[in-house]
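Welcome, and thanks for taking a look at this structure with me. Below is a short briefing, sorted by topic, to read alongside the model.

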Amino acid sequence: MGSITLKNVSKVFGAHAVIPSIDLDITDGEFVVFVGPSGCGKSTLLRLIAGLEDVSDGEIVIDGRNATELPPAKRGLSMVFQSYALYPHMSVRSNIAFPLKMAGEDKATIDKKVQDAARVLNLTDYLDRKPRQLSGGQRQRVAIGRAIVRQPGAFLFDEPLSNLDAALRVNMRLEISQLHQQLKTTMVYVTHDQVEAMTMADKIVVLNRGRIEQVGSPLDLYRRPDNLFVAGFIGSPRMNFISGAPAADHGAHTIGIRPEHIALSTDQGIWRGTVGVAEHLGSDTFLHVNADGIGTLTARVGGDFAVTHGDQVFLTPDPQHLHRFDEKGMAIR
Ligand SMILES: Nc1ncnc2c1ncn2[C@@H]1O[C@H](COP(=O)(O)OP(=O)(O)O)[C@@H](O)[C@H]1O
Ligand SMILES: [Mg+2]
């Protein structure tokens, strides 16, 4: 139903190769997240898959069929945007029904499909409202409803939660994951937020300057980043990087250690330092420590670990979780 293969796909705008060349396999039913910093080409890649942009070179295969030249409507995909793009003068019911009406489906079929989508999305009680009478989260659910009724081979989401406040974003994240479990339809989801990528994806594609840095499951990328970019992008607070003598001791140009893999003590350890800032989150505390001869390191300790600005502490990295990188920034294994 919803397998997508990109072969040598590139996109050039003017003289700028936004996507030099990408190969990627998306399996039917998979939840794939494209993640990377702003401007790295995530939306462009999604729009190429959708057919909203033409490829400059390469091939897009959907369900085993060459779809490179197909118009968007013939690709069997549904796209959900950050701006919900609802019709303000239409009811929720009419908004969701719209693509079916355009496709000329009969009224009974439309009613049933709209009811089914509304049930899945908890919108049954809101069908007669106008978009302006809904919260941001409900509007986004209407936009997803409009995508669902078309029964696409795959859903394409472009930063669908970016306009929502933080609490609602966490809720909707969960709802979209549950929707995927229910529908089992392929989802390709674009975000700049590594937490969304980690929590939602079966497979994460990390993009940087139009290139794929690494593809893998969330825990693959967390545990075994291929390079400095992925190591620094996945995980929060980000991995500490140390070069110079401490790295050379481990036969590397740079070593990386995550804040959660540094043990903290007030009386002994490998590196000595002074607490700069302590960020108290309640459950955890993030300590930013000025370590002698190394620089600033971030360490995660329990929320009840009592240290404050100016205290002397000792840090010990867990050797099991030390990452090593060569001078090109590639992981040494
Ligand atoms: N239609 C366009 N014409 C020229 N440049 C574009 C166009 N669309 C996107 N770009 C450029 O392509 C790069 C990637 O953009 P985009 O795919 O929107 O990134 P992302 O979604 O990862 O933030 C950016 O440098 C952007 O300015
Ligand atoms: Mg974008």
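Searching the whole structure turns up 13 salt bridges. Please keep in mind that this is a predicted model.

**Salt bridges**

- E59 pairs with K7 in a salt bridge whose closest N and O atoms are 3.9 Å apart.
- Because E59 belongs to strand β4 (residues 57-62) and K7 to strand β1 (residues 4-13), this pair ties together parts that are 52 residues apart in sequence.
- How many salt bridges does the rule find across the interface of domain 1 and domain 2? The count there is 0.

- The protein splits into domain 1, covering 4-231, and domain 2, covering 238-325.
- Between the C-alpha centres of domain 1 and domain 2 there is a distance of 38 Å.
- To the contact, domain 1 contributes 7 residues and domain 2 contributes 8 residues.
- The size of an interface is often expressed as the accessible area lost when the parts come together.
- For domain 1 and domain 2, the area buried between them is about 620 Å², with 61% of it on carbon and sulfur atoms.
- Which residues of domain 1 lose the most area to domain 2? They are Y222, L228 and A231, which together account for 80% of what that side buries.

**A packed helix pair**

- Two packed helices are described by the angle between their axes and the distance between the axes.
- Here, helix α2 (residues 92-102) and helix α4 (residues 136-148) have axes that come within 7 Å and cross at roughly 30°.
- The α2 and α4 crossing is right-handed.
- On the α2 side, V92, N95, I96 and P99 make the contact, while α4 supplies V142, G145 and R146.
- Sorted by class, the residues in this contact of α2 with α4 are 4 nonpolar, 2 polar and 1 charged.

**Backbone spots to look at**

- Most peptide bonds are trans, and most residues other than glycine have a negative phi.
- S236 and P237 are joined by a cis peptide bond, with omega about -5°.
- P237 sits in the loop between α8 (228-233) and β11 (240-243).
- N122 is not a glycine, yet its phi is positive, at about 55°.
- Where is N122 placed? You will find N122 in the loop between α3 (107-120) and α4.

Definitions and conventions:
Residues are numbered from 1 along each chain as its sequence is written. Chains are lettered from A and ligands numbered from 1 in the order in which they are written. This is a predicted model: local features need pLDDT of at least 70, side-chain atom pairs count only at pLDDT 80 or more; totals for chains, interfaces and linings use all residues. Side-chain values use heavy atoms; hydrogens and water are left out. Axes are lines fitted to C-alpha atoms, for helices over the stretch in contact, and angles run from 0 to 180 degrees between N-to-C directions. Helices (H or I, at least four residues) and strands (E, at least two) are DSSP runs, numbered from the N terminus. A crossing is left-handed if the near helix is turned anticlockwise from the far one by less than a right angle, and right-handed if clockwise. Contact means heavy atoms within 4.5 Å. Ala, Val, Leu, Ile, Met, Phe, Trp, Tyr, Cys and Pro count as nonpolar, Asp, Glu, Lys and Arg as charged, and the others, Gly among them, as polar. Domain bounds come from an automatic or database domain assignment. Buried area is the accessible area (1.4 Å probe) that two parts lose on being put together, summed over both. A salt bridge is a side-chain nitrogen of Lys or Arg within 4 Å of a carboxyl oxygen of Asp or Glu.
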